[in-house]
Structures are given as C-alpha cells and as structure tokens.
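Trainee: I have a structure open and I'd like to learn how to read it. Could you walk me through it, one feature at a time?

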Amino acid sequence: MIVLGVESSCDETGLALYDTEQGLLAHALHSQIAMHQEYGGVVPELASRDHIRRALPLLTEVLSKSGLEKQQIDAIAYTQGPGLAGALLVGASVACGLGLALDKPVLGVHHLEGHLLSPLLASKPPEFPFIALLVSGGHTQLMRVDGVGRYQLLGETLDDAAGEAFDKSAKLLGLSYPGGPAISRMAEFGDPAAYKFPRPMLHSKDLNFSFSGLKTAVLTVVKNHPANICEQDKANIARGFVDAIVDVLTAKCVTAIRESGLKRLVIAGGVGANQQLRASLNAAAQKRRFQVYYPELEFCTDNGAMIAFAGAMRLKKNPALATRDYGFNVRPRWPLQELLEA
Ligand code: ATP
Ligand code: MG
Ligand code: FE
C-alpha cells in the first residue's frame, strides 16, 4: 500500500510517499522560515498562502523522485490538526481534492502522532513498548507507547513548550526566529559556571514540566544588562539556559524510564534535534542502561514523511479509516487525549 502524506500545520509544507512494503519512497519539504523571519514568528495568513503555492510542486517532486504515477497512490493522509486553521485547510483541501480527482480514499492524521511515530522511520527503529518524549514547538509531553494508537500520557508542560522556551529565550538574546538551533549553537561557547538558571519542577514528584519561569529568568538577566550586551555574555546566558532545560528534560525522562520499568526511550519533535539534549540523554542512558532512539535529523521538525508513515500505520491496523468522504474539516485544537480514546 502506497500512502501519500501531506503536512501543512504550521510553517513547513511537506509531502511524502510511504510504501508499507518498501518503506519511505520519497519526501520533499519547503520551509517558510526565511519568509517569517522578518516578523519574528509565523504569520498565519502568509503561511496559508505559501502552502497553496508549494503543495502541488512538492507533489510533482515526490512523484518524480519515486518514479510513481499519481494513480499508483493507494491512500492520502493529511495533517488534520492541531495547528494553524488556515494552514491546515490548505493541506486538507489539497489531499481531499486529489482524493476526489484520483478516486482514492483519504484520512486525517494527528500531527503529534506523526511526530511520535517519526523515530520508527529511522534505520534502526525501536520496538514497542517505549517511553516517548515529545518535545516540539507547541508541545512537551512524556508518553508510554505500547503500539500504534496505544498511548498513555504520563506528564506534560503546564505552560510553555520546550521549543517555545528555546525560541522565546533566543529572541530575548536578539536571535532571529526560530531561535532554538541558534541559541544552542551559541551555548557551545558559553561558560557553564557564569549563570545558574532555575530547573523548574526538577524535584516535583510528577512527570510534568514548566518552562515559562526559565524564560522569565533569562528575561531578568537580559534586562539587568547594559543595552550593548557583549557576545561572550550572550553565549554565557545561552549556556545557562540550555543547561537548565536539558537537565530538566533528561531528569524527567530518567524518572519515566525508572517508574515504567521500560528500557527504551524515544525522542520526537523539533527539540529532539538539539545536540546538547542528545548528549545528555545518551550519557544518562549509558549510566542507567537503557536505549535512546531519535528520528533522523531531517524528521525531527515538521515533515510529510511522518504524516505518510502515521497514516500508513493507522491504515495497516484499520483500512476502513480512509474514506471517500471528501468533505473535510480540520481541528486546529485537537488534544491527543481525544485521539487516544478514539
Ligand atoms: P508542534 O509539533 O508542537 O505543533 P512545531 O511543529 O512548531 O510544534 P516542530 O516542528 O516539531 O514543532 O519543532 C520546531 C521547534 O523545534 C522550534 O521551537 C525550534 O526552535 C525547535 N528546534 C529545532 N531544532 C532545534 C535545536 N537544534 N535545538 C533546540 N530547539 C530546536
Ligand atoms: Mg516549523
Ligand atoms: Fe510539529
């Protein structure tokens, strides 16, 4: 079965073809980061319009990369939510329009399920069950994953997501959107002893997170500095911030592994690309004898491959999920919990 995946929930247009026999056949992505950079964040209307421009050329690209004809597609999976309403509508209408034109069934996929399953696209995928840390721009959650569709939420952020904390703190240091990768590069040159930021909820007895206080701590330090804060000091602040957030994420993962008795930890979402986080988790895993799995770097942030894959996994379990009902709706707010209960 060949599934076309269409992702358009935020500022990346991603299309991909996944074959349940042969694996990922092709994927193509257009990131709008450069377009949104001058505004310091994603402008929803611009995002929607750009998805319209990009979707069909990306379809042509994945078809030509894979050597397939449109008619060879068996089903079309699209991100139905959560995300920006206008952006989601573009992907949904492209998917459903194509489905109607080609007489192929369509299915809506939960964006977070895409992220969650993306590590399974790696060359050495983890087996179920595992603990998953989903760390993206909009979410920070720890989950127990027993199989496709079998997710138990163990803890989540009470305020900002980890990616959001990275981006907001980076902005405070004058780095452009999305600042996550930039602040972590800058942290490499920082002195770890210069600033000790709080580790929010490190010792709370649960698996929840809170990052808004950390961002405020960065703000306070920045405000107390003269206007022309020097590069070395910025790097020191960046280092203090990254160390704090990495410490908390690592500690909660270790607790989740210990409490569950499982030996596999899977990281998903954009912050999973962070090298300091990977180094810290790898060290913890070695010490405590568990395995850590990451998505390929290119599949940490939004992409079509994870949507094609999640759609294919869902359809393997229940082919009836894809329908010829082309009257689509999108779900900008779609708690993963509702998917779990479905
Ligand atoms: P969600 O999936 O929750 O709706 P999203 O799709 O915006 O949110 P992703 O695409 O998974 O999130 O990830 C984007 C986030 O990952 C941004 O906040 C970005 O700064 C962060 N990020 C990407 N690379 C890195 C990195 N190397 N270090 C830290 N953060 C990073
Ligand atoms: Mg993005
Ligand atoms: Fe995402």
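Trainee: Let's start with two histidines. Are His111 and His115 buried or exposed?

Mentor: Before we start, keep in mind that this is a predicted model. To judge burial, we look at relative accessible area, and under 20% counts as buried. Here His111 is buried, and His115 is as well. For His111 the relative accessible area is 7%, so it falls on the buried side.

Trainee: Which helix holds His111?

Mentor: His111 is in helix α4.

Trainee: Now the metals. What coordinates the iron ion?

Mentor: For a metal, you look for the N, O and S atoms that sit within a set distance of it. The iron ion, ligand 3, has NE2 of His111, NE2 of His115 and an OD atom of Asp302 as donors, at 2.1 Å. Along the chain, these donors follow the spacing H-x3-H-x186-D.

Trainee: Let's move on to ligand 1. How many residues surround ligand 1, and which are the closest?

Mentor: To find a ligand's shell, you gather the residues with a heavy atom within 4 Å of it. For ligand 1 that gives 21 residues, and the closest are Ser136, Gly137, His139, Asp167 and Asp302. By class, six of the shell residues are nonpolar, 13 are polar and two are charged.

Trainee: Which helices each supply at least two residues of that shell?

Mentor: Those are α4, residues 111-117, α5, residues 162-172, and α6, residues 180-187.

Trainee: What polar contacts does ligand 1 have?

Mentor: You look for pairs of N or O atoms within 3.5 Å. One of them pairs an oxygen atom of ligand 1 with an N or O atom in the side chain of Asp167, at 2.5 Å. His111 has a polar side-chain atom 3.0 Å from an oxygen atom of ligand 1. With Gly163, a backbone N or O atom lies 3.2 Å from a ligand 1 oxygen atom. As for cover, the protein takes up 88% of the 640 Å² of accessible area that ligand 1 has on its own.

Trainee: Next, I clicked on Asn303. Where does Asn303 lie?

Mentor: Asn303 is in the loop between β10, residues 291-293, and α10, residues 304-317. Asn303 has a relative accessible area of 2%, so it is buried. Its side chain reaches the backbone oxygen of Thr301 at 2.8 Å, and a polar atom of that side chain lies 3.4 Å from the backbone oxygen of Phe299.

Trainee: How do I read the backbone itself? Is the peptide bond from Gly81 to Pro82 cis or trans?

Mentor: Look at the omega angle. From Gly81 to Pro82 the bond is cis, with omega near -15 degrees. Pro82 is in the loop between β4 and α3. Another cis bond joins Tyr177 and Pro178, with omega about -15 degrees, and Pro178 is in the loop between α5 and α6.

Trainee: What about phi? What value does Asp103 have?

Mentor: Phi of Asp103 is near 60 degrees, a positive value in a residue other than glycine. Asp103 is in the loop between α3 and β5, and at 47% relative accessibility it is partly exposed. Met201 also isn't a glycine and has a positive phi of about 60 degrees. Met201 is in the loop between α6 and α7 and is partly exposed at 22%.

Trainee: Last one: where does UniProt place the "Gcp-like" domain?

Mentor: The unreviewed entry puts that domain at residues 24-309. The span is 47% helix and 17% strand, and its end C-alpha atoms lie 8 Å apart.

Notes. Residues are numbered from 1 along each chain as its sequence is written. Chains are lettered from A and ligands numbered from 1 in the order in which they are written. This is a predicted model: local features need pLDDT of at least 70, side-chain atom pairs count only at pLDDT 80 or more; totals for chains, interfaces and linings use all residues. Side-chain values use heavy atoms; hydrogens and water are left out. A polar contact is a pair of N or O atoms within 3.5 Å; within protein, one must be able to donate a hydrogen and the other to accept it, and residues adjacent in sequence count only if both atoms are side-chain atoms. Accessible areas come from the Shrake-Rupley method with a 1.4 Å probe; for residues, only the protein chains shown count as cover. Helices (H or I, at least four residues) and strands (E, at least two) are DSSP runs, numbered from the N terminus. Ala, Val, Leu, Ile, Met, Phe, Trp, Tyr, Cys and Pro count as nonpolar, Asp, Glu, Lys and Arg as charged, and the others, Gly among them, as polar. Donors are N, O and S atoms within 2.8 Å of the metal (3.2 Å for Na, K and Ca); water is not among the atoms, so sites may look incomplete. Buried means under 20% relative accessible area, exposed over 50%, partly exposed in between (1.4 Å probe, protein chains only). UniProt positions are given in the numbering used here, feature names are shortened, and annotations may be inferred rather than shown by experiment.
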